[in-house]
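Please read the following report alongside the sequence and the coordinates.

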Amino acid sequence: MIIDKLYQSVIEKGPVCVGLDTRLEYIPEYILNSTKSIQDKIFEFNKSIIDATFDVCSCYKLQIACYEALGIEGLMAYSKTLKYIKDIKGISIGDIKRGDISSTAKMYAKAHFEGDFECDFITVSPYMGVDAVSPYFEYVKNKDKGLFVLIKTSNESSNDFQELKVNDEKLYVKVGQKVTSWGSEYIGESGFSCIGGVIGGTHFDEMINIKNRFNNMFFLIPGYGEQGGSAKDIAHLLGKNMSGVVNSSRGIITAHKGKEEGVNFSEFSRREVINMREDILKWLR
Ligand SMILES: O=c1ccn([C@@H]2O[C@H](COP(=O)(O)O)[C@@H](O)[C@H]2O)c(=O)[nH]1
């Protein structure tokens with residue numbers, strides 16, 4: 001199952017998930033000033049970072065908004081990057097945060113688990129309930145795909161709804177319980193389910209609560225780096241069972257900015273990934 005492949009990658013290479021939230025202003029001048037098309041410039045940037053980090057990170061997360069914002073050229077680069085990750089046997093997460101009625105969700109599932117935008121995992125919103133999420137389950141069962149469902153997000157305003165009390169329980173806890181039950185049929189040899197949860201690495205009390213309640217859930221943890229999530233807190237959520245991947249996007253892919261605009265720029269991303277991995281793992285020893 002795909003979750004076992006991801007877990008194995010975490011054990012072998014560490015929990016860092018490189019966030020390819022690529023924007024034109026991050027691309028070094030030698031690529032930006034070339035005569036290549038926009039899609040090829042973005043792809044060259046992404047490929048260089050992937051090649052420089054492949055042996056030290058567990059997976060790659062592509063934020064689709066960054067590619068959509070550049071129109072067709074951006075989406076071509078999104079597609080090429082996903083195909084490249086697949087070709088080199090890497091693991092990809094499409095951060096697309098979809099959530100819609102069942103008939104539309106079926107189309108989203110087809111769009112992101114097959115064809116030009118195929119990836120291994122996608123992020124989904126649980127807000128519309130199980131019929132908005134269940135169309136993806138067929139791909140989890142038959143096509144070796146996985147989901148990360150938003151449970152407790154990293155942003156400040158996540159409190160607006162996620163912390164509301166519902167029958168004496170916070171809403172994010174209720175969502176976590178649902179995600180656990182949806183995932184119970186898709187548990188791999190690692191003991192983790194192909195349906196995991198997105199937990200922001202920025203709210204310490206909630207991370208403790210989630211770890212205590214959902215010790216066997218696999219997490220996608222954004223919030224390290226630019227958003228201020230601490231390695232110590234995030235290590236607690238990961239735990240000794242290494243139950244997750246920790247994303248950093250801007251912190252990794254802009255590491256060269258102000259230092260290196262030449263062909264060696266991605267070495268700075270590599271160093272950042274290695275430092276981040278050490279920063280987190282030291283709390284687990
Ligand atoms: O709760 C969430 C869910 C998703 N994200 C996404 O993760 C990255 C974070 O980027 P950084 O540059 O490392 O801050 C980005 O794609 C977000 O859309 C999140 O931050 N929080």
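## Terms and basis

Helices (H or I, at least four residues) and strands (E, at least two) are taken as DSSP runs and numbered from the N terminus, and two strands are said to pair if DSSP finds at least two bridges between them. The model is a predicted one, in which local features need pLDDT of at least 70 and side-chain atom pairs count only at pLDDT 80 or more, while totals for chains, interfaces and linings use all residues. Residue numbers start from 1 along each chain as its sequence is written.

## Overall fold

The chain has 14 helices and 10 strands. Eight of the strands close into a barrel in the order S1-S2-S3-S4-S5-S8-S9-S10, and the pairing is parallel. Neighbouring strands of this sheet are turned against each other by 30° on average, direction ignored, where axes are lines fitted to C-alpha atoms, for helices over the stretch in contact, and angles run from 0 to 180 degrees between N-to-C directions. Helix H14 (residues 266–281) packs on the sheet, where it touches strand S1 (16–19) and S10, and its direction makes about 140° with that of S1; contact here requires that the C-beta atoms of two residues, placed from the backbone, lie within 7 Å.

Along the principal axes, the C-alpha atoms fill a box of roughly 60 × 45 × 35 Å. Of the 285 residues, 48% count as buried, a label given if 20 or more other C-beta atoms, placed from the backbone, lie within 10 Å of a residue's own, with exposed meaning 12 or fewer and partly exposed lying in between. Among contacts between residues at least 6 apart in sequence, 74% join residues at least 24 apart.

## Strands of the barrel

Strand S1 is joined to S10 by three bridges, and the two run parallel; in this pairing the partner of Val18 in S10 is Ser248. Three bridges also join S1 to S2, again in parallel, with Gly19 standing opposite Lys61 in S2.

Strand S2 (residues 59–63) pairs with S3 in the parallel sense over four bridges, and Leu62 has Gly94 as its bridge partner in S3. S3 also pairs in parallel with strand S4 (residues 121–124) over three bridges, where Ile93 stands opposite Phe121. Strand S9 (residues 219–221) and strand S10 (residues 244–248) pair in the parallel sense over three bridges, and Phe219 stands opposite Gly244 in S10.

## Ligand shell

The ligand is surrounded by 18 residues, of which the closest are Gln63, Thr153, Pro222, Ser249 and Arg250; a residue belongs to this shell if its C-beta atom, placed from the backbone, lies within 6 Å of the molecule. The elements that give two or more residues to the shell are S10 and helix H13 (250–253).

By class, the shell has two nonpolar, 12 polar and four charged residues. In this scheme Ala, Val, Leu, Ile, Met, Phe, Trp, Tyr, Cys and Pro count as nonpolar, Asp, Glu, Lys and Arg as charged, and the others, Gly among them, as polar.

## Individual loop residues

Lys89, in the loop between helix H5 (71–87) and S3, has a positive phi of about 65° although it is not a glycine, and with 9 C-beta neighbours inside 10 Å it counts as exposed. Asn167, in the loop between strand S6 (165–166) and strand S7 (169–170), likewise has a positive phi, of about 45°, without being a glycine; Asn167 is exposed, with 5 other C-beta atoms within 10 Å.

Val56 lies in the loop between helix H3 (38–53) and S2 and is partly exposed, with 18 other C-beta atoms within 10 Å. Not counting residues up to four places away in sequence, Val56 touches Lys13, Gly14, Arg270, Val273, Ile274 and Arg277.
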